[in-house]
Amino acid sequence: AELLTARILGGRAGDGALAEAISVYDRLVLQPDAEPESFRLLATFRLRANDTAGAIDAARLFVTRQEGDAEAVRLLANVLMHADREEEAVDEVVRFLRDTEGLDEGGAGFRDAVDLLENLVRSRNAWQLFIARADDLIAARPRVGALRALYGEALLRVGLPVQAGVQMEKAMALAGADPMLRYQLATVYGTLGRSAEAVELAQGLAEEFPGHHGVQTLLGEMLAGQGRTLQAIEPLGRAVNILADDPTEAVRRDGLRQKMVELWLDAGEPERARDTLATLENPASIDALDLAGRVALVLEDYEDALGFAQRLRQGAENGLGVPLEGEIRAAQGDFDQARKLFRDAARIRGNQIWPIAADALFRGGAPAAGEEILKDWRDQEPENPWARYRLGQYLERRENYRQMEKELAEAIRLYPDFHQALNHLG
């Protein structure tokens with residue numbers, strides 16, 4: 001067996017050596033004292049022979065013979081993943097963690113199995129698969145923080161931040177200050193509008209990992225979510241500097257710079273936004289052109305802004321330049337042309353255009369026209385909580401507080417977990 005293995009793995013095997021090795025290892029794994037390596041090699045050789053079913057059988061035999069052995073489960077999961085049977089792979093690892101009696105939850109084998117489950121779920125984006133199995137697993141292992149953390153991450157990934165936060169907070173209580181868990185929990189808090197808690201976690205991580213671009217980016221995003229616009233720019237700039245020497249990170253660096261441009265605009269500093277735009281490595285990208293047009297619009301350089309809008313209309317297939325041109329026409333006081341452009345944009349990009357249109361008309365000096373647009377959207381989609389919410393926001397700007405509260409309350413009735421609307425009403 002050893003000679004055959006050396007020849008096969010060393011690429012020196014002749015015809016028939018693989019079949020001979022399989023035959024030898026088929027006999028070896030039936031011995032009462034069979035070595036774990038024999039099972040691994042048999043599965044490997046069967047995979048080389050395109051015998052996936054045989055490889056799975058070998059791995060299952062290993063699991064049966066080595067009950068409670070995380071390495072046996074790892075072999076079976078890897079073979080199943082090789083066969084694109086990810087659901088079975090996840091099931092086997094969950095079953096091992098849930099049902100194996102006598103496992104030391106603090107031991108290396110148990111931790112290896114948890115690591116394996118994390119890798120399986122994350123590498124295949126198998127979030128829904130795991131969620132469907134998580135309640136039973138957590139019920140069996142309620143004190144394992146890493147499993148609750150993975151459950152929380154899965155819930156976050158599928159858009160359930162409230163439930164994600166519950167699991168992550170329990171995981172924090174069990175597992176302590178794990179950096180990845182704190183990072184994810186900060187993201188959850190930011191999503192839920194719990195901005196003070198999000199910033200507190202992000203600041204702690206930034207102090208602990210000052211040279212990590214992801215942590216600096218997180219802090220910038222959480223500060224921006226709290227409305228601390230100028231303070232948010234600094235950590236984003238640090239993230240750019242951390243990535244400065246990596247030639248593969250140009251897109252990420254430009255994404256951070258573009259976020260900084262948006263924040264400078266929010267802070268009423270269009271000149272600083274223009275200065276930051278000048279540092280982009282790819283100023284001809286669609287996102288860069290859109291931002292350049294918006295900066296020119298704020299600076300009231302309408303000729304340049306229209307030029308960028310035209311380049312967007314030529315380069316983007318999603319009608320991106322059309323609403324920008326509508327904003328420019330509204331700023332110039334050409335409200336009829338602006339509304340026509342916004343209607344064209346909505347046919348291409350959907351009703352997400354209407355809040356942009358209303359804001360442009362408000363800023364251009366036609367607030368009643370903006371309100372009319374949002375009311376038309378609400379009337380077209382009376383069961384859409386976002387239409388109600390956007391109208392409520394706009395009515396607040398027009399100091400129509402009674403109607404604002406009515407629209408926001410209706411948005412919450414339609415979507416009880418509508419955190420933005422709940423926060424707006426206090």
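Reader: Which residues in H9 meet which residues in H10?

Author: This is a predicted model, to start with. From H9, the contact takes in Gly-145, Arg-148, Ala-149, Tyr-151, Gly-152, Glu-153, Leu-155 and Leu-156. They meet Pro-161, Gln-163, Ala-164, Gln-167, Met-168, Lys-170, Ala-171, Leu-174 and Ala-175 in H10. By class, that contact has 10 nonpolar, 4 polar and 3 charged residues.

Reader: Why are H9 and H10 called roughly antiparallel?

Author: Look at the angle: the axes of H9 (residues 145–157) and H10 (residues 161–175) cross at roughly 160 degrees. Angles over 145 count as roughly antiparallel, so H9 and H10 get that label. Their axes also come within 8 Å, and H9 passes H10 in a left-handed crossing.

Reader: What makes H18 roughly antiparallel to H19?

Author: Run the test on H18 (residues 302–315) and H19: they pack at an angle of about 160 degrees, with axes 8 Å apart. The cut-off is over 145, and therefore H18 is roughly antiparallel to H19. The crossing of H18 and H19 is left-handed. The contact includes Leu-306 and Arg-313 of H18, with Leu-324 and Ile-328 among the residues of H19. It has 9 nonpolar, 2 polar and 3 charged residues.

Reader: Which helices supply at least two residues each to the lining of the largest pocket?

Author: H19 (321–331) does, and so do H15 (250–266), H17 (286–298) and H21 (353–364). The pocket holds about 910 Å³ of space. Its lining has 26 residues, with Leu-265, Asp-266, Arg-294, Glu-327 and Asp-359 nearest the centre.

Reader: How do the lining residues of the largest pocket divide by class?

Author: You get 12 nonpolar, 4 polar and 10 charged.

Conventions:
Residues numbered from 1 in each chain as written. Predicted model: local features only at pLDDT ≥ 70, side-chain atom pairs only at ≥ 80, totals over all residues. Heavy atoms only, no water. 1 Å grid on protein atoms, 1.4 Å probe; cavity = no way out; pocket = protein on both sides within 12 Å on 5 of 7 lines; lining within 4 Å. Points joined across faces, edges and corners; volume = space filled by probe spheres on them. Helix = DSSP H or I, 4+ residues; strand = E, 2+ residues; numbered from the N terminus. Nonpolar A, V, L, I, M, F, W, Y, C, P; charged D, E, K, R; others polar. Axes fitted to C-alpha atoms, helices over the stretch in contact; angles between N-to-C directions. Parallel < 35°, antiparallel > 145°, perpendicular 65-115°, else oblique. Left-handed = near helix turned anticlockwise from the far one by under 90°. Contact = heavy atoms within 4.5 Å.
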